[in-house]
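I opened my notebook to look at how this model is put together. Here is what I looked up, entry by entry.

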Amino acid sequence: MRPLRNQTHFYKNIYFPLLVIYLLFTVSLGFIGFEFLNEQYMQKLKLLSNITGAVLSENPSMEDTLIDAIQDTEWHYLTDGFATLSQYGYRESLSMYEDALYRDSLKSFLFLVLLFFILSFLIITICFILFDKKRKWQEQKLLTLLDHCLSDDYSFLEQRKNIDIIFNEAFTDTLLKLGNKLMLKSQLLAEERDNTKSLVTDISHQLKTPVSALKNCLSLSMEADSPQERDALLERCALQLTKLESLLEALINISRLETSMITLHQEKTALADILLDAVNTVYVKALQKNISVEVLTDSEDQDESSADSLTLSLDRKWTVEALANILDNAIKYSPSGSTITVRLSKLFSYVRIEIEDAGIGIPKNEYNKVFQRFYRGQHPTVQQSEGSGVGLYLSRKIIEEEGGSITVKPAVKQGSIFVVQFPLPYVN
Amino acid sequence: MSENANIILRTDSLCKYYGAGDNLVKAVDCIDLTIKQGEFVSIVGKSGSGKSTLLHMLGALDNPTSGTVWLDGENISSFKENRLSQIRRRKIGFIFQSYNLIPSLNVWENIVLPLGLDNKELDEPFIRDIVRTLGLENKVKNLPNTLSGGQQQRCAIARAIAAKPSIILADEPTGNLDTKTGDEVMALLKTSAKKYGQTLVVITHNEEIAQMADRTVMIADGKVVG
């Protein structure tokens, strides 16, 4: 089947020529009809003149009666006329066809009508067939396209030109958008699958080291020469186990979040409560390093809706976890005796929480990476300290899930500022 | 599934040169870039690195000296001007540093203006939703000059999203805003782009802002450096 190109093409090459042919034909038919009628009129005029001439040349006194008969619209002489004429074969029931004078004209008239009928029929049929063909062709193409979609083949999205000639622009646009959306969905699914795979790999990798350390410790302790040595080795085992336990806990959290096994239950929660819980979580660690945690509220905003008395739609447990992770990092990489400042401010559609430490800071090129799963900074202090590279990743995951954002920037003097933004209630 | 099928924007050795001979300036020098659908990419570079020139060519606001830009599978560098303005209106949402709102129209009118130009039927619930998401609900009747910078930029974001474009291009969207408002606008931009499934390209010199993106492209002297 030959494609009909697109809409403009169709009008230009098929519809307009057909219309012109049809118009020309109708006009010429009109002319022919006029000529035909005109001929009949001339014929009648000739006949009348002939009769008038014949009668008046024999009997000039008949002129008045004759003109009267010609102009008479009530046919007074009709019966007498028929009576006389019938003797010469002119019957009242005489059909036009039997009159040689009219036969040819009638024939050509009927022929014209027939021709007109055939041509109209042809044009309408052709139009119909073409439309039907185009429709079928479009249907076929659409079906093929949808079939491709069904079998996850979206290569047609790249060939807009091929689709453009089938449908009009608006239709193509919508079709492509639909295709894109479907493709994105199926890709997301595939991505999620890959993500789960890599998560499993990552987790097993993370578990391998502490488990093998534990195993070595144990086998050494079993072969220990003295009870003291065995006790020392067992103590190390216990330490490894504790590490393993905390790693496992973090991993369980991640895998639950990753695989959407837990959904955050966002409820109205006071921000102050969450902050308090988060600070309490890390309180002991801070105390050990003699680090104080200071919470400040934006001074310019001390009315009843100031930042610390806000109620936000957050999952209390997980948000505490997210903030505690950031605070935990801040404590871990800050020198003893320093201060960690938490600044709250209420903005137009977000509440902004800045967590500033006086720690080692994060180099610019690691800004993005610190939030990646299992990423650990290149700084020697980071490499030497304990950690699995899970905390900030989890924080980002939780905060973004709640419609917030987290970024990091350098502090003015030393250290980093983590900026967390949570949406204010009327945004969502 | 074709590997390239989800690429929304692609450039092939895109170049923009100004001047000639000794004065030749290579503003953009053979940049190959691919942006996937739904991605949030930040393009980072110092001023004069050619990032704005790049964005102008991505958005069909400027013609490349050589090379091609493929948007949605179409080579837009080959289009005539009236087709280009159509493409810009239907497929690209722009957000500029200076907001570029029309001062005599109120917020709502500014948001729906591009749709009106295209004779599109107004998807009012959708636009109301955007307005709500961006916290502009109480400001729709306001004129731009009665709004703060952050609010004006929100309005520009709403305008960009309302036309359901294939891609949103933002040129230093927080350039005129203070840090806090800037962070806020970026978070809103990211949230709404995600919510409405938009692809987002943000140009900035600020690496702190760039970290919100899924991917960062560094530009220096008209070239991609990382």
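Before the first entry, a convention: I call a crossing left-handed if the near helix is turned anticlockwise from the far one by less than a right angle, and right-handed if clockwise. Helices (H or I, at least four residues) and strands (E, at least two) are DSSP runs, numbered from the N terminus. This is a predicted model, where local features need pLDDT of at least 70, side-chain atom pairs count only at pLDDT 80 or more, and totals for chains, interfaces and linings use all residues. Residues are numbered from 1 along each chain as its sequence is written, with chains lettered from A and ligands numbered from 1 in the order in which they are written.

**Entry 1: a helix pair**

I looked up helix 5 (residues 149-162) and helix 6 (residues 179-195) of chain B, and their crossing is right-handed. Their axes lie 10 Å apart at an angle of about 15°; axes are lines fitted to C-alpha atoms, for helices over the stretch in contact, and angles run from 0 to 180 degrees between N-to-C directions. I therefore noted helix 5 and helix 6 of chain B as roughly parallel (angles under 35 degrees).

Which residues of the two helices meet? From helix 5 of chain B I listed B:G149, B:G150, B:Q153, B:R154, B:I157 and B:I161, and from helix 6 of chain B came B:T181, B:E184, B:V185, B:L188, B:L189 and B:S192. Contact here puts C-beta atoms, placed from the backbone, within 7 Å. By class, I found five nonpolar, five polar and two charged residues in this contact (Ala, Val, Leu, Ile, Met, Phe, Trp, Tyr, Cys and Pro are nonpolar, Asp, Glu, Lys and Arg charged, the others, Gly among them, polar).

**Entry 2: a sheet**

Next I followed an open antiparallel sheet of four strands in chain B, in the order 2-1-4-5; strands pair if DSSP finds at least two bridges between them. Strand 2 (25-36) and strand 5 (74-75) of chain B are the edges, each pairing on one side only. Strand 1 (residues 7-18) of chain B runs antiparallel to strand 2 over eight bridges, and I found B:T11 opposite B:L33 in strand 2. Helix 1 (residues 51-58) of chain B packs on this sheet, touching strand 1, strand 2 and strand 4 (66-71), with its direction at about 55° to that of strand 2.

**Entry 3: the two chains**

Lastly, I saw that 30 residues of chain A contact 25 residues of chain B. Helix 6 of chain A gives the largest share of chain A's side, five residues. That side has twelve nonpolar, eleven polar and seven charged residues.

Key
Parallel < 35°, antiparallel > 145°, perpendicular 65-115°, else oblique.
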